[in-house]
Structure formats: C-alpha cells, structure tokens
Protein chains: 4
Amino acid sequence: MKTDTGTKTDNCFVRRRASRPRADALRNRERIVTAALEMFVEFGPEVPLDEVARRAGVGNATLYRNFADREALTHEVVLSVTSRTTDRAEEAVAAESDPFAALSRFVHAAADERIGALCPMLSGGFDQHHPELLAERRRLEKAVEGLVERAMTAGRMRTDIAVGDVLVALSQLTRPLPGIACLDIDRFTHRHLQLFLDGLEAPARSVLPGSAATLEDLRRGH
Amino acid sequence: MKTDTGTKTDNCFVRRRASRPRADALRNRERIVTAALEMFVEFGPEVPLDEVARRAGVGNATLYRNFADREALTHEVVLSVTSRTTDRAEEAVAAESDPFAALSRFVHAAADERIGALCPMLSGGFDQHHPELLAERRRLEKAVEGLVERAMTAGRMRTDIAVGDVLVALSQLTRPLPGIACLDIDRFTHRHLQLFLDGLEAPARSVLPGSAATLEDLRRGH
Amino acid sequence: MKTDTGTKTDNCFVRRRASRPRADALRNRERIVTAALEMFVEFGPEVPLDEVARRAGVGNATLYRNFADREALTHEVVLSVTSRTTDRAEEAVAAESDPFAALSRFVHAAADERIGALCPMLSGGFDQHHPELLAERRRLEKAVEGLVERAMTAGRMRTDIAVGDVLVALSQLTRPLPGIACLDIDRFTHRHLQLFLDGLEAPARSVLPGSAATLEDLRRGH
Amino acid sequence: MKTDTGTKTDNCFVRRRASRPRADALRNRERIVTAALEMFVEFGPEVPLDEVARRAGVGNATLYRNFADREALTHEVVLSVTSRTTDRAEEAVAAESDPFAALSRFVHAAADERIGALCPMLSGGFDQHHPELLAERRRLEKAVEGLVERAMTAGRMRTDIAVGDVLVALSQLTRPLPGIACLDIDRFTHRHLQLFLDGLEAPARSVLPGSAATLEDLRRGH
DNA sequence: GATGAATGAGAATTCATTCAT
DNA sequence: CATGAATGAATTCTCATTCAT
C-alpha cells in the first residue's frame, strides 16, 4: 500500500534535516486521520475541521496542507478504515480454523475498527468513485466474500446471503450515534452483532425479500 | 390607568368560530413536520430549516412561529414518528393471530414509519427527558414488550432478547443514509430486517454478550 | 388640543351601533400608546411591536391598523408625553406662587411624565419636523420659558440659562435605563433633579461654555 | 494509539517570536473595540456588529474570533472606557492643586472618554458581575471617591453628595443620543456639566431626597 | 374592526477555506 | 512547513409589516 504522496524528496544521502520534517509531517498526517475518525464517531461527519485539528494537536492550516478539503480528509479516513478492516478479515481467516468462527471474529473485529463510521460517509462527502477507494473496497469485498463462501461451503451458514448483506448490516448495526460513545459499543453493539451472526448461522426460515447487494449497489440509486 | 387587558369580550357574539382560522395553521404545522421528517431522512438532521420550510411550502418564519427552534421541531418529529410507530405495534397485534407474525409485521411497519430516522436524533438535538417524549417512548416500549413477550411465551422466538434489543437493532438497521433514499428501503432494508427476524425466531446459538437494553439505557452513558 | 384624527364620522343622530366600535377603537388606541410608553421606558425604543400589542391586550394587527408603522406609533407617544408635560408646566404655574418653586415642581412632574423617555426618540425613529410635533414642542418650550423667565425676573435663579438647557438636562437626567425601572426614578432621579435645581438656584459660579439651546437645536447637527 | 497531543515542541528552537504575528491581531482587536465604542455612541448599543466590523476594517468573522458574541464585545468596551476614565481621575488629581478643580477636570475629561456610552450597557447586554468588570468599576469608584472627599474636606463642595451621585449624573448628562453626535458634546454637554459642577460647588439649598448611590446600586433593583 | 398567521428582509453566529507571518 | 488569523458564504433566528379570516 504505497502512500507515496509527495515522495519527490526521497533522494538519499546527507541533508541532515531534510527527512526530519518528513517524520514530523507524516506523524501529523496520521494524527489528523486518527483524530478525524474519532471525532466522526463521536460527533458525526459534520464535526468542524478546526476541532479535528485541535484534537490532532496541530494548527488548522496544517490539516489543510495535508488534506485539501473535507472531502480529501474523509477520503483518507474511509480508506484507512477500509484498509484496516480488510486486514482484519485476512487475520480472521488465519486465526480460526472453523469458517464460521472466522466470519464471526471478523464481524466483531470490524466493529472495533469502527466500520460503522463509514456509513454516514457513504452518502456523499467524498468521491465514491475514486480509483483508490474502489480498489480498497474491492479488496474488502473479496476478503469478506472469502469468509462468507467458506462458511457457506462448510454448511455453517445459510446460503441466501451476499457479501453486501453482511457488510451493510454490519455497518448499520455498528453505526455510531454521535453523542453516545459509538452506541456504547461494548454493552450493545457486540450483542446485536452476535444476534445477527446467530441468525446467519441458523438455517433459512424465510425467503429474503429484495436483492443481495454489494457495497457498490448502495450508490446506484443515487 | 385601567389595564383591563382582556376586554376583547366587549364585542358580544363574535368569536363563534374562534378556532377556524387554525384550519390553515394546523395544516401548515403538519406539513412542516412531514417535510422535516422527509428531509431528515434524505439529508440528515442537519438539514437547513429554511429548506424544510421551502419543502413544506411555507415561509421560514412560519416554521419558526410553530417551532421555536430546531430542537422544538425535532421534538415534534420524534414524537410523531414514535406515536405512529406505537400505533403500528398495536395494529400488528390485532392483525395477526400468530404472535411472531405480529412482531414481524410490526418490525416491517416500523421501518416504513422511518423509525430509523430517530437514531440521529437520539444523540442530542432535543430534550430526551421531556415528559411528553418519555411518555410516548414508554407507550412504544410497552407495546413492543407485549409483542415480544407473546412471541416468547408461544415459544416462537428465542428468549434472551429484550425490547431494547429489538428497538435498537431495528432502528439501526433502518437508519437512513442521507443521500440514499433511506438506504433504498425496499431493496435492502426489508431484506435485512427479515434476516434479523429469522435470527430472532431461530433458537439461541450463543450466549449474547452485553446486556439487554431499553431505549432509556441509550442515554445513560451520556 | 383638537385631536380630530379621523373625525369624519362625527355626525350625530341615531345609528346605534355606529359609535360603539368607536369607543372600543379609541380605548384600544390609547391603550396601545400607554403600553408603548411603558415598554419604551422599560426596554428601550427597539422593543418589538408585537410585545407592545400584547401588553396593550390587542392583536398586533390592531396596532398596525392604528399606527401605520413604528414611526407613527413613536410619533404618537412623543406627542402624548410632550402634551402632558406641557400640561404639567401650566399646572405648576397655577399651583405655586413662588416662581422658582413652580419651576421646581414642573421639573419633578416632568420626570414622572417620563419626559426622559423622549430622548432616545429624538434621534430618528420619527419625523421631527412633523407640524403636529413642532407645534406641541413649541407649546412646551413656551410654557417652560414662562417658568424660567419668571424665576429669573424674580431673582430666584441664575440668568445664564435657556429653556433648552433645562429641557435637555432634565431629559437626560431622567432618561430611562432599559432593564432598570426608569433609573429607579424615586431613589435616584428625583435626587439628581433636586441637585440640578439647587444648582440653578445658586448664583452663577462660572461662565457656562457652549451655547444655550432650544430643543430645536438638538436636531440641527443631524 | 498514542495521543501525544502537544508534541509540537518537537521543533526545537522555533517559537522565538511566537507572539509576533499578534502585532496585527492586536491592532485588529483594538480597532474593533474603538469602532464599537464609536458606533455605540453614534447609533446605540444595538448597532449591527457587521457594521462595527466594517468600520474597524475587518471581516465580520474577525470580530467574532476576537469576541465570541455581542456581550463579549460590550464587556470589552465597557472595560476599556471604565479603565480610561479611571486614568483620567488619577491624572486630574495630579494636574490640579485645587481639589474642586481636580473634580471638575475629571468630570469634563470623563465626558470626552464617553463615559455616557456606558449607560445603555448598564442595563443588561453583558455580565455586570464579571470579576474583571467589578474590579475595574471599584477602581473607578475609589478614584472618584478620592476626588470627591478631598473637595469636601477642603470645604469646596456641598457634603451631601456621594460618588454614585456624581457618576450617575455625569453618565446620564453625557449619555449619547444616537443620531446626534454624542449630544453635540461640545455645544451642550460640557455646558450642562459645568452647570452641574456649579451646583455641586454651591452650598446645599435643599435636603436631597432619595439615597446616595454607588454604581453598584444601579443593578440592585433588577 | 379585530385577529392570528404568514412573510421576507435582516442580524447574529458558525465554519470551511485562504493568507500572512 | 507550520501556524494563528482573516474572510465570506452559509445558517439560524427575529421582527416589522401584510394578509386572510
């Protein structure tokens, strides 16, 4: 995942203080993204960027130097959450031999990565069709598709479910309620996720209406 | 200097139909609440009130005459959705002989009433503790409690679920995604609700973590 | 003091119910002017007219039926206060044999008539040059001039003072402080007026700078 | 997730002249206060803040960056006028050997500092009980108390007067008449102040009614 | 005539974004 | 690079005035 944004000055050698600012700058960038995610979760995606900068411990102009506007920052946050969530999907495969256990582990891990925070951003606020994002999202879908298909193949879950169903339900159920620490993620959210997983595991009791979805679909109607 | 305020009754007979002019006013009031709900669903709870007024087809000041500020309008919207949702719960009991079918009918009906639109409002934006709201919320909880208990007693659903679990999961799953017509309520939402219901109906497969919740609990952490 | 505003329908005879609404209407008009004066004193000349109407116990539209706009109402209030103050000046002459005592009585009486409330209105807010107002103001000046000259002639006060000095100082000293009941007119204002009067009575100790003024002068600079 | 907010000190030496950029900012702040005082005097305390900003030559948001709201700006204006007025009281002591001349000098100087502009603000519009203001007001009262007591002790003025009487009368007499350049301060105001001073200097001719006041008292009734 | 409701224009305040140091 | 300050373009809300009953 090359983030070579601005690699122009990479050339080696001396120049003692040339790379130092880089270290700083990179740390700032990360701090800002972290702060932004936290505050989107706590206060919603409308949170003033000046406040994000304050929480990140940098001046507002530094934020704008790194991210041209709110859209750019949102983009990075989405990218970062998506990427880490994908990592969790991959870890889950490795960590659990039982395929449904793997899916289950992923679901809870995704909640901890605040995948729910992406929801409000799905609706505008950044360029859904940016290649970088599309790529990352496909990576996530592939990974989750793997988890789901393995569980189905093993007969461990009902088979009328698509990746999109999992991802959307998962996102919605973990979607933060600004002002309430992420819907009190420990007291409620994991509980509801477990209920959801139990439902996936049980045999189908009805014909699900509507159509299975990919994340992609979500934007279609727009 | 007699300040005989209230001498208006000097004009004898008049005032027969003192409440008539309100026909218009009442319609306006309702139109505003309706427009507000629609726009909260479409654009989120931060939608400019001037836009709400425009959609309602009234001047902005008319909105403010009816609702002192955003909080007051939000209050009314929440009240109205809660109330209609409760009605749906009561209807569901009457309409279905099977207790789980009743719960199921309620869940889908609540989605159509946009119960999910309440989520973003639960986090501030209005006075949670207003007696009027508390009363209405209790009515809703009682009604849903009835649905749930009957289904459990009939052995039609797992028994480790509380009203709050149903209401929170239901609200989250149907929570609107601004910019996407209520998460494309027909293509996805009812599907996910059905999946959720299937999960409720199936026997428990795991011990649910965390604690069951009432809507009340949601505010506790705050 | 003919206030034949709208006397067009004065014609006598029958018409039982023709003059009745008149009585009402007139009372309303007076109530509004009274309420306006009270509220100008209490809250300043920016007080919302709807509030004035409420205090007067009439609908806002009734206020506007009687006074085309804020200027018209202000006009009437000024006229009314000026007129009553003039009456007080005339009464003072009649009531006191000592010329300075008469002036003194007038000064305190003018305070009770809220002559200070005129100050904020002197600065725009209504048409200073309206003939009706000019006439009334001249009447006031004449009356006060009488008081002052008599006191001077009797050797009861310093002679380098003009009517305008008395009226302006009097108005300023009694000018209401919105939010503080007319500068607590009894505890402070009459005290300061007495001090002012004592100063007038004493022999001149210095050459007063500037020029004596008529109320008229006040508008000149504008 | 280290939230080492405050790592700004990573950049070693920097920050030498951290307060330099404030040169501009400070000037702006002062310009705004100056403009505000001028416009309060000219147009009253309700003058639109956007206009104040324009007069100060800054954008409206700059005003709001410096003063959270009208109250905060008013606070600063009051503070600034009070403080300068106190300075004048102290200067007056130094400049005049005769105690009454000192008082007299102060009174005219206070008018030039627009002490009268404080009047409309005394009635709400800012927090009267803010410690900063209370302190500054006490400083003013102390200073004027000194002037008054010295004049009394020297037998140069009547002795039934309190600081509050002087300050209130002084403020009222110099209170600006929006629309009229500070009551044409040179043509009328100094004249009336001189008359007032003459009255103070003369022996008491009557028992003053009411009670002497401190500025503090003015708020009591509220 | 009288009333409550409706309205648009304007004022206060916030915030994304740009600028100067 | 980093920063605090500046800015204008919304947004919320108020109020004088008009309208419909």
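This note reviews the domain arrangement and the confidence of a predicted model.

1. Overall confidence. The mean pLDDT of chain A is 86, and 82% of its residues reach at least 70. Confidence is highest in helix 5 (residues 99-112) of chain A, with a mean of 98, and lowest in helix 10 (residues 215-220) of chain A, with a mean of 56.

2. Where pLDDT is low, predicted coordinates should not be read in detail.

3. Domain division. Chain A consists of domain 1, spanning 16-67, and domain 2, spanning 77-220. Nine residues from domain 1 of chain A and 12 residues from domain 2 of chain A take part in the contact.

4. Buried area. Between them, domain 1 and domain 2 of chain A bury about 770 Å², of which 82% lies on carbon and sulfur atoms. On the side of domain 1 of chain A, 61% of the area buried against domain 2 comes from A:Leu37, A:Phe40 and A:Val41, more than from any other three residues.

5. Which kinds of residue make up the side of domain 1 of chain A that touches domain 2 of chain A? Seven are nonpolar, one is polar and one is charged. Zero salt bridges are counted between domain 1 and domain 2 of chain A.

Definitions and conventions
Residues numbered from 1 in each chain as written. Chains lettered and ligands numbered in written order. Predicted model: local features only at pLDDT ≥ 70, side-chain atom pairs only at ≥ 80, totals over all residues. Heavy atoms only, no water. Domains from an automatic or database assignment. Contact = heavy atoms within 4.5 Å. Buried area = accessible area lost by both parts, 1.4 Å probe. Salt bridge = Lys/Arg side-chain N within 4 Å of Asp/Glu carboxyl O. Nonpolar A, V, L, I, M, F, W, Y, C, P; charged D, E, K, R; others polar. pLDDT = per-residue confidence, 0-100. Helix = DSSP H or I, 4+ residues; strand = E, 2+ residues; numbered from the N terminus.
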